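Here's a quick briefing to read with the model open beside you. Have a look at the fold first, then work through the notes.

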Amino acid sequence: MLGFIFSSLFNLIFVNANASTYMPFQGTELSESIDSLYGFLIITSLISFVLLIGGMIWFAFKYKRRTDNDSTPNIHGNTALEFLWSFIPFVIFMIVFVWGIIIHKDMRNMPKDAFEIQVTGYQWGWKFDYKSGVQTNGEFAVPVGVPVKLIMKSDEVLHSFFIPAFRIKQDVVPGIYTSLWFNARTPGDYQVFCTEYCGTSHSNMLATLKVMAPNDFENWLIENSKVKDLPLAERGRLIIEKGTCVSCHNISNERKIGPGFAGLWGSNREFADGSSAVADENYIRESILYPAKKIVKGYANQMNAQNLSESELQAVIEYFKAQASSNESNKDTSMNLREQ
């Protein structure tokens, strides 16, 4: 209890002194309601702490034994005081109880006209299916100001879908459907976590929620619906550019957190343990799914495993092949021009 109060006060006074709220960003009206209840709990806990502990300390000093002849006086009870210290906490608890019921009702009463998205949890990632046929992995998008209902299931073990900025969390259970809803009020990217330990890569089970203006969302749906019709190499390019790859790797040969992708296919890769291998299909697949197995010389082991399907892996591999073929064609053209 004391640790909870002190940590909350420290965050409130020092960590977020320049912020508009002592909690993470509020992405929905529901998150604002939850934060208000949490703030009420902190304030009442602080007042209770000051009265109780402060009173104990004051009484300990005021009535401490001063001589060996001190004797305890005959103290009679105070009915009014005893009633107050029982009734006031009761009223506070009832306020919290009713307040919590109202918030829970708002959280679980889902609008009938909500935009529905199917969510599938698997070891270790999130897959999203739209009624239009669009399917994404690791990220999904919704329009701002529109109620969205997520209908969720798990392929194998128990997961838990959590969006901190929205203050919503729901277990995703094998064999049954669970659901939750939200109405995002601010465009932007929001982090999604799994908060139920589900295996060795549980901490890497992340996704990104993109909240967009309605027109941008429609364009996003159109763009993602066309991905399946693109050539394999082009699909691979989109997976790399729109996924998490480019946060650590450059498409060029310029190094970032990880090595650049230019000239990857068919090159000889030297590793930190002194071994080497040719960058072929198996090497690229292993580097994506199990990046810690072979660490390129001169780089740290910082990459998380990427949850790509087999078709997505094939598309990425084909992109690297096409990139290598394009580089060879450019070299041949350059040589021909020099010879002429």
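What follows is a short tour by topic, from helices to cores.

This is a predicted model, so local features need pLDDT of at least 70 and side-chain atom pairs count only at pLDDT 80 or more, while totals for chains, interfaces and linings use all residues. Residues are numbered from 1 along each chain as its sequence is written, and side-chain values use heavy atoms, with hydrogens and water left out. A search of the whole structure turns up 18 aromatic pairs and 0 disulfides, and the largest nonpolar core has 38 residues.

**Helices and their caps**

- Helices (H or I, at least four residues) and strands (E, at least two) are DSSP runs, numbered from the N terminus.
- Helix α2 covers residues 29-62, and its 34 residues reach 49 Å from first C-alpha to last, close to the 50 Å expected. That expected span is 1.5 Å times one less than the number of residues.
- Buried here means under 20% relative accessible area, exposed means over 50%, and partly exposed is in between (1.4 Å probe, protein chains only). In α2 the buried residues include L30, D35, L37, I42 and G55.
- Helix α3 has 30 residues that should span 44 Å, and its end C-alpha atoms are 43 Å apart, which agrees.
- N78 caps the N-terminal end of α3, with a side-chain oxygen 3.2 Å from the backbone nitrogen of A80. A polar contact is a pair of N or O atoms within 3.5 Å; within protein, one must be able to donate a hydrogen and the other to accept it, and residues adjacent in sequence count only if both atoms are side-chain atoms.
- D280 does the capping at the N-terminal end of α6, where a side-chain oxygen lies 3.3 Å from the backbone nitrogen of N282.
- Helix α6 (residues 281-289) has Y283, I284, E286, S287, I288 and L289 as its buried residues.

**Aromatic rings**

- Rings of Phe, Tyr and Trp (its six-membered ring) pair if their centres lie within 6.5 Å; planes under 30 degrees apart count as stacked, over 60 as edge-to-face and the rest as tilted.
- One of the 18 pairs is F83 with F87, which is stacked at 5.2 Å centre to centre and 10 degrees between the planes. The two sit 4 residues apart in helix α3 (residues 79-108), so about one helical turn separates F83 and F87. F87 counts as partly exposed, at 38% relative accessibility.
- F166 and Y190 make a tilted pair, 4.9 Å centre to centre with 50 degrees between the planes. F166 is in the loop between β6 (159-163) and β7 (168-172) and Y190 is in strand β9 (residues 188-194), so the pair ties together parts 24 residues apart in sequence. F166 and Y190 are both buried.
- Ring pairs link F166 and Y190 with F25 and F182 into a cluster.
- K293 lies over the face of Y290, 5.0 Å from the ring centre. For this, NZ of Lys or CZ of Arg must be within 6 Å of the ring centre and within 35 degrees of the ring normal.

**Nonpolar cores**

- A nonpolar core is a set of buried Ala, Val, Leu, Ile, Met, Phe, Trp, Tyr and Cys residues joined through side-chain atoms within 4.5 Å.
- In the largest core, F140, F161 and F182 have the most contacts. Strand β10 (residues 207-212) gives the most to this core, with 4 residues.
- A second, separate core of 19 residues includes I284, I288, V296 and F320.

**Cysteines**

- Why don't C194 and C198 form a bond? Their sulfurs are 4.0 Å apart, too far for a bond, given that a disulfide is a pair of cysteine sulfur atoms within 2.5 Å.
- C194 is buried, at 6% relative accessible area, and C198 is buried at 6% too.

**Backbone spots to check**

- A cis peptide bond joins Q123 and W124, with omega about 5 degrees. W124 is in the loop between β1 (115-122) and β2 (125-130).
- R167 has a positive phi near 60 degrees, and R167 is not a glycine. R167 is in the loop between β6 and β7 and counts as buried, at 13% relative accessibility.
- L150 lies in strand β5 (residues 148-154) and is buried, at 0% relative accessibility.
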